[in-house]
Amino acid sequence: MDVFEKVKGNKGPLGQYAKEADGYFVFPKLEGEINPRMMFRGKEVLAWSLNNYLGLANHPEVRETDAKAAAEWGLGYPMGARAMSGQTRQHEILEEQLAEFEQKESCYLLNYGYQGMVSVIDSILDRKDVVVYDSEAHACIIDGLRLHIGKRFVFPHNDMENLEKQLNRAVKIAEAAGGGVLVITEGVFGMSGDLGKLKEIVELKKKYPFRFMVDDAHGFGTMGATGAGTGEHLGVQDGIDLYFGTFAKSMALIGGFIAGTKEVITFLKYNMRSQIFAKSLPMPCVIGAMKRLELLRTKPELKQQLWTIVDALQSGLKAKGFNLGNTESPVTPVFLNGTTPEATNVVFDLRENFGVFCSVVVYPVVPKDVIMLRLIPTAVHTLEDVEYTIHAFSQIVDKLKNKEYNRDTLPVV
Ligand SMILES: Cc1ncc(COP(=O)(O)O)c(C=O)c1O
């Protein structure tokens, strides 16, 4: 049989809705400069779906640095993988700066956070090791674990009692095999905004021998007194053995990093296949990242402004009776009761009639008949944006309760 046979009439779990959803619910095109106000299908919308937490994407100093770096170096520099011909002093300087910022001995850049995480897991674990991870871990963690040929145990999201059970099993198996245990969770869970139980997990290190890795994609730059992340926020940065961050959120860029002890990071540098066998991070990204890191460190007002917006949005929505789950971070999920067709009509109404653009998540990511609208506040939103959005949400929830979105058909987009 032809290997391509399967794709006929089968586009996969998301692709099955391509005809109705493409360009609107999935792969929508937001146009114009990255800002809270962008164009969607020819109309201005108030965008709450960009992980541009600190508003750096369009910050004048950032834009200037990016443009200068691109003009000076070109997008192709340096050519080759770092291990071969793509190493530069600037890459190393950025790593030194990130290590210092994260209070770790050492750091290594990753071309994309996703690929980097896959390779961190792949290279640090061998068949004798056992890994224990949170059930809501990001796809990059799950995909890294697919490469792990040893045992792995999952604990239900943030369930510390269950984690202990898994640790008991894991430690016994690892000890018998002559391996070790790695626990992986996230600092800020990107969908629900709740925090990983980093404090509790670090505490468990007193009882069980394991190493601890945290994916802090959404916490880096948004959490902690200096923006160093969720470990700093919870006062347990020292207890995190491997700290992973991406440039794709607070830094509004591409790339990521892994930080830890010099010995471990040197091992990763020489063993992460996605970095050894792939081209180096382009120089404009490295120089652009340095500029962003400088702003992140020296302009605390960016994070303060982000949190002013977060607090206004979250407290305003809560005051109107909205259920925001357990978020303790800028990620703002709004849980409503409704079916998937209702969800599409809600989103359509929000975008077309209220000019509010946010992401929507439905079954099977959330339980049946739950609609999750996800808002990402940024430092460049205004309190007027917040007020307007809360007003829009209050109206759509009334319509939802009155069954006004209860149509069999999906909106024609
Ligand atoms: C929790 C988490 N980990 C990892 C990643 C991957 O990062 P990147 O976009 O840099 O590949 C993301 C971003 O999508 C994320 O949300």
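Predicted model: local features only at pLDDT ≥ 70, side-chain atom pairs only at ≥ 80, totals over all residues.

Student: How many charged residues does the shell around the ligand have?

Tutor: Sort the shell by class. There are 6 nonpolar residues and 6 polar ones. The charged residues in the shell number 2.

Student: Which residues come nearest to the ligand?

Tutor: Look among the 14 residues around the ligand. Five names stand out, and Thr246 also belongs to the residues of β9 that are buried. The nearest are Gly113, Tyr114, Ala217, Thr246 and Ala248.

Student: Is strand β9 mostly covered or uncovered?

Tutor: β9 covers residues 242-246. Leu242, Phe244 and Thr246 point one way, while Tyr243 and Gly245 point the other way. Both sets are buried. With 5 of its 5 residues buried, β9 is mostly covered.

Student: Does β9 run parallel or antiparallel to β8?

Tutor: Strand β8 is residues 211-215. In this pair, valine 214 stands opposite tyrosine 243, and aspartate 215 has phenylalanine 244 as its bridge partner. β8 and β9 are joined by 3 bridges, and they run parallel.

Student: What is the bridge partner of phenylalanine 244 in β10?

Tutor: Turn to the pairing of β9 with β10, residues 256-260. These strands pair in the antiparallel sense over 4 bridges. In β10, phenylalanine 244 is partnered by isoleucine 258.

Student: Which strands are the edge strands of the sheet of 7 strands?

Tutor: Write out the order of this open sheet: β4-β10-β9-β8-β7-β5-β6. Its pairing is mixed. An edge strand here pairs on one side only. The two edge strands are β4 (106-110) and β6 (152-155).

Student: By how many degrees are neighbouring strands of this sheet turned against each other on average?

Tutor: Ignore the direction of each strand. Then take the average over neighbours in the sheet. The turn is 20 degrees.

Student: What angle does helix α6 make with β5?

Tutor: Helix α6, residues 139-146, packs on the sheet. The helix touches β5, β6, β7 and β8. Compare the direction of α6 with that of β5, and the angle is about 160 degrees.

Student: Which helix lies across β4, β9 and β10?

Tutor: Look for residues 262-271. They run at about 25 degrees to β4. The helix is α10.

Student: Why is one side of β1 and of β12 left without a neighbour in the sheet?

Tutor: This open sheet has 4 strands in the order β1-β2-β3-β12, with mixed pairing. β1 (30-31) and β12 (356-357) stand at the edges. One side of each is left without a neighbour because each has a single partner strand.

Student: What is the bridge partner of arginine 37 in β3?

Tutor: Strand β2, residues 37-40, is joined to β3, residues 43-47, by 4 bridges. The two strands run antiparallel. Arginine 37 has as its partner leucine 46.

Student: How far apart do the C-alpha centres of domain 1 and domain 2 lie?

Tutor: Domain 1 is 6-53 + 300-401, and domain 2 is 60-298. Their contact takes 17 residues from domain 1 and 18 residues from domain 2. The C-alpha centres lie apart by 27 Å.

Student: Which element gives the most to the side of domain 1 that touches domain 2?

Tutor: Both α13 (300-319) and β11 (332-337) supply at least two residues. The top contribution is 3 residues. It comes from α13.

Conventions
Residues numbered from 1 in each chain as written. Buried ≥ 20, exposed ≤ 12 C-beta atoms within 10 Å, placed from the backbone. Pairing = 2+ DSSP bridges. Near = placed C-beta within 6 Å. Nonpolar A, V, L, I, M, F, W, Y, C, P; charged D, E, K, R; others polar. Domains from an automatic or database assignment. Contact = placed C-beta atoms within 7 Å. Axes fitted to C-alpha atoms, helices over the stretch in contact; angles between N-to-C directions.
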